[in-house]
There are 2 protein chains.
Amino acid sequence: MGELEALNETTVKSYLAQRGLAERLGGGPEDWAAEPITDGNVNLLFRVKNPHAGRSLIVKQALGYAWRYPDFKMPKGRLAIEHAVLQVAAEHAPEQVPEVYFFSPEDAVLVMEDLNRHREMRAALREGTRFPRAAEHLGRYMARTLFYTSDLYLPSGEKKARAAELVNPVLRKVQEDLVFTQPFMEHPNNRYSPPLEPLVREIYADDGLRAEVHELKERYMTQAQALIHNDLHTGSILANEEETKVVDPEFAFFGPMGHDLGTYLGNLALAYAAYEAHAPNEEEKRAFRDWLLESLIETWRVFEREFLAAWEKDVQREEWSSDRYRERYLKRLLQDAAGFGAAEMFRRLIGMAHVSDFWSIEDEDERAAAESLGLDIARAWIASWRALERPEDLAALVRAGRVLL
Amino acid sequence: MGELEALNETTVKSYLAQRGLAERLGGGPEDWAAEPITDGNVNLLFRVKNPHAGRSLIVKQALGYAWRYPDFKMPKGRLAIEHAVLQVAAEHAPEQVPEVYFFSPEDAVLVMEDLNRHREMRAALREGTRFPRAAEHLGRYMARTLFYTSDLYLPSGEKKARAAELVNPVLRKVQEDLVFTQPFMEHPNNRYSPPLEPLVREIYADDGLRAEVHELKERYMTQAQALIHNDLHTGSILANEEETKVVDPEFAFFGPMGHDLGTYLGNLALAYAAYEAHAPNEEEKRAFRDWLLESLIETWRVFEREFLAAWEKDVQREEWSSDRYRERYLKRLLQDAAGFGAAEMFRRLIGMAHVSDFWSIEDEDERAAAESLGLDIARAWIASWRALERPEDLAALVRAGRVLL
């Protein structure tokens, strides 16, 4: 059998039938409707429905390049990484990931649960939507996926073997460049709202800031602490009032836990900053921002509680027996989260990959004002990351942020 | 061809002839004499000489176990790791390693330069022998092998691919256990001179000390900073007045640079402590210890100078452009060296693998007295490793050490 060609609305149905997945939908291809989902840039995605049975599923196919930018080559093996991470999560935090129905590494095709009852968290936050259970779900998801893939739990040889399987060099290099390098230097990939120019110049000229980011980059490149999602922003989260699902873990590798924590918390801070422009009025601005910061603090508290519970129950006790080490471990993670969170904020504001929180603000001055608040918070986080003690410290720095334009 | 059997004095000669190595020695097997070298525990080692031509070479064969302890299984692939490291060193610090003449991964046989004009540094230090060029050579060796295998120099993908090739999980686990775990808990593998009992009890009970060692262990297990030798103690160094050679890199993997630095500097501190018993008189005790500490400081200074020279010349400048980062990088390495050096000292004094510096002291009380000085220095290093600024700080802590019995 040759290589599977790029699927389309017709062939995706016959593919499902050939792979014995008809039962999932009921009926046969003639009963189904397939539609491409074109939100993303990278993978082919289809929703295939049986409208008669009210059932649907998602088919994801990885090509050897980003489908929207065919010149941008990407290894098809990224889907095997996604699958490996979904398996880990299915074991330790099954409610926070889509169920996998089928995976073919040869075809680079993954068939999974349709999350059509959920919204992209980023888009919903822009509108001031609260997710009352997100902190509980995401704190728990991070605690369990990170603890159970770390040296605290996995036997030494097994951890090293898994890390060597999931090196993911191409996608990591993308993040090394886009998150940790380009936003802090004059670089043709960087984009930012023109009124930010003086602020951006300050950032480019700040050797002390770059020293901090270099250290975070070094950690990102060298610290195989746990299997991290590595793209855990609010666009990788689908949620509603009841449920919270983490998707798209194709960037995963064994890296610093603080990167997942910081990426998520940093994106809450970005939502806070962007709400400068999205809020319908001052009262709602204050109320929604209060909720965002409560959720930030609660996410950390749940993370900490669940991480310690996993430690209590399942740590390799002969290997890691010091109480003081455990205390410091958690404190280091909070500090790392602030550092990595700041890097994430900077890159979303002045690097290549922006987010809809801000680009949805049409008026340039309004957008730049909100973005300047984001930059102010990012600078505060990175200026003090090594000294933070509690999640309330992070929240206080968000609240102290100022619009600089 | 089946698996190569364990070589002996006869078959090692025919092996060399069959592999086209006769030219190295001149003549043929009938002209050669082979003798086993039985200093080590792990590999088969032979010196093969042509006495007529005054030439010799070393043959090293890895079996699937430690030759002296056949129940102790060890992967034969360790010799491929040794060979890979010798290749790296041959490129960046050729004068500090033996020349490789031949390597067969299938046979797990390495043929290399005979270093019979050198002495084991550890044995010589015990007798008060100075090595006037060791600091220059080893500082340079560490600077260049570490810099040129780090992310500072290697392209991102190449570094990750090399790290995934050289995982070395079995030998790393040995060190995780023997260096970072067992010496800090009641463990049947631990051995120590009986008079040390009260001190050892204090160490076992010290949760703060264990927290520091856990953090170093975590770093050892997760931080893929550069290709480290991972066993760079004075028994892995063969030297004379003119030359210094680093051997036996079979434990190598991508780990924290500070571990190589600390292992070597920690072993200088152990030589200092052991000289408590070996010194022929007070004057020579003072003089040799002065030399040891000067050499410790000079090793660091040369390391720093050579590391910065390599950085200046060959760093990936787009990736690592901050001056402050470079300054901090070096300071962090000094601090890491103190932490890892302390762990090395503890394990040589109260863990499973002791060193001849101390076990050559026959009188138990004298030995324990010298060992207690080693423990006092180790505790001082680990109590302050995060705050050290200069190599003189490390030397001062050695000098402030006290015999505790």
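A salt bridge here is a side-chain nitrogen of Lys or Arg within 4 Å of a carboxyl oxygen of Asp or Glu.

**Entry 1: ground rules.** I am working on a predicted model, in which local features need pLDDT of at least 70, side-chain atom pairs count only at pLDDT 80 or more, and totals for chains, interfaces and linings use all residues. Residues are numbered from 1 along each chain as its sequence is written, chains are lettered from A and ligands numbered from 1 in the order in which they are written, and side-chain values use heavy atoms, with hydrogens and water left out.

**Entry 2: a pair inside one helix.** I looked up B:Arg348. This residue forms a salt bridge with B:Glu344, with the closest N and O atoms 2.8 Å apart. Both sit in helix α12 of chain B, 4 residues apart, which means about one helical turn between them.

Next I checked burial. I call a residue buried under 20% relative accessible area, exposed over 50%, and partly exposed in between (1.4 Å probe, protein chains only). B:Arg348 is buried at 6%. B:Glu344 is buried too, at 3%.

**Entry 3: pairs across the sequence.** I searched the whole structure and got 88 salt bridges over all chains. I then picked A:Arg117 and A:Glu243, whose side chains meet in a salt bridge at 3.0 Å, N to O. This pair links distant parts of the chain, 126 residues apart. A:Arg117 is in the loop between β7 (109-113) and β8 (119-120) of chain A, and A:Glu243 is in the loop between β10 (237-239) and β11 (244-246) of chain A. A:Arg117 is partly exposed at 40%. A:Glu243 is partly exposed at 25%.

The side chains of B:Glu306 and B:Arg140 meet in a salt bridge at 3.7 Å, N to O. Here 166 residues separate the partners: B:Glu306 is in helix α11 (residues 282-314) and B:Arg140 in helix α5 (residues 134-147) of chain B. B:Glu306 counts as buried at 16%, whereas B:Arg140 counts as partly exposed at 30%.

One network also came up. Salt bridges link A:Glu212, A:Glu215, A:Glu218, A:Arg386, B:Arg328 and B:Arg332.

**Entry 4: cores.** I define a nonpolar core as a set of buried Ala, Val, Leu, Ile, Met, Phe, Trp, Tyr and Cys residues joined through side-chain atoms within 4.5 Å. The largest one has 102 residues, and B:Phe303, B:Phe307 and B:Trp381 have the most contacts inside it. Its largest share, 14 residues, comes from helix α12 (residues 323-350) of chain B. Domain 1 (11-113) and domain 2 (119-399) of chain B each give this core at least three residues. Domain bounds come from an automatic or database domain assignment.

I listed what B:Phe303 touches, leaving out residues up to four places away in sequence. Among its partners are B:Gly139, B:Met142, B:Leu261 and B:Leu333. Apart from this core lies another, of 101 residues, including A:Phe253 and A:Ile350.

**Entry 5: domains of chain A.** The assignment gives domain 1 (11-113) and domain 2 (119-399). Their C-alpha centres lie 27 Å apart. I found 21 residues of domain 1 in contact with 21 residues of domain 2. Contact means heavy atoms within 4.5 Å.

**Entry 6: two single residues.** A:Thr181 is in the loop between α7 (169-180) and α8 (197-204) of chain A. A:Thr181 is buried at 8%. Beyond its neighbours within four places in sequence, A:Thr181 contacts A:Glu176, A:Lys217, B:Glu318 and B:Glu319.

B:Gln335 is in helix α12 of chain B. B:Gln335 is buried at 13%.

**Entry 7: a surface patch.** A:Val403, A:Leu404 and A:Leu405 form a nonpolar patch with about 230 Å² of accessible area together. Patch residues have over 30% relative accessible area and no salt bridge; like charges are joined within 9 Å, nonpolar side chains (Val, Leu, Ile, Met, Phe, Trp, Tyr) within 5 Å. Areas come from the Shrake-Rupley method with a 1.4 Å probe; for residues, only the protein chains shown count as cover. A:Leu405 is in the segment after α15 (391-399) of chain A, and is partly exposed at 49%.

Key. Helix = DSSP H or I, 4+ residues; strand = E, 2+ residues; numbered from the N terminus.
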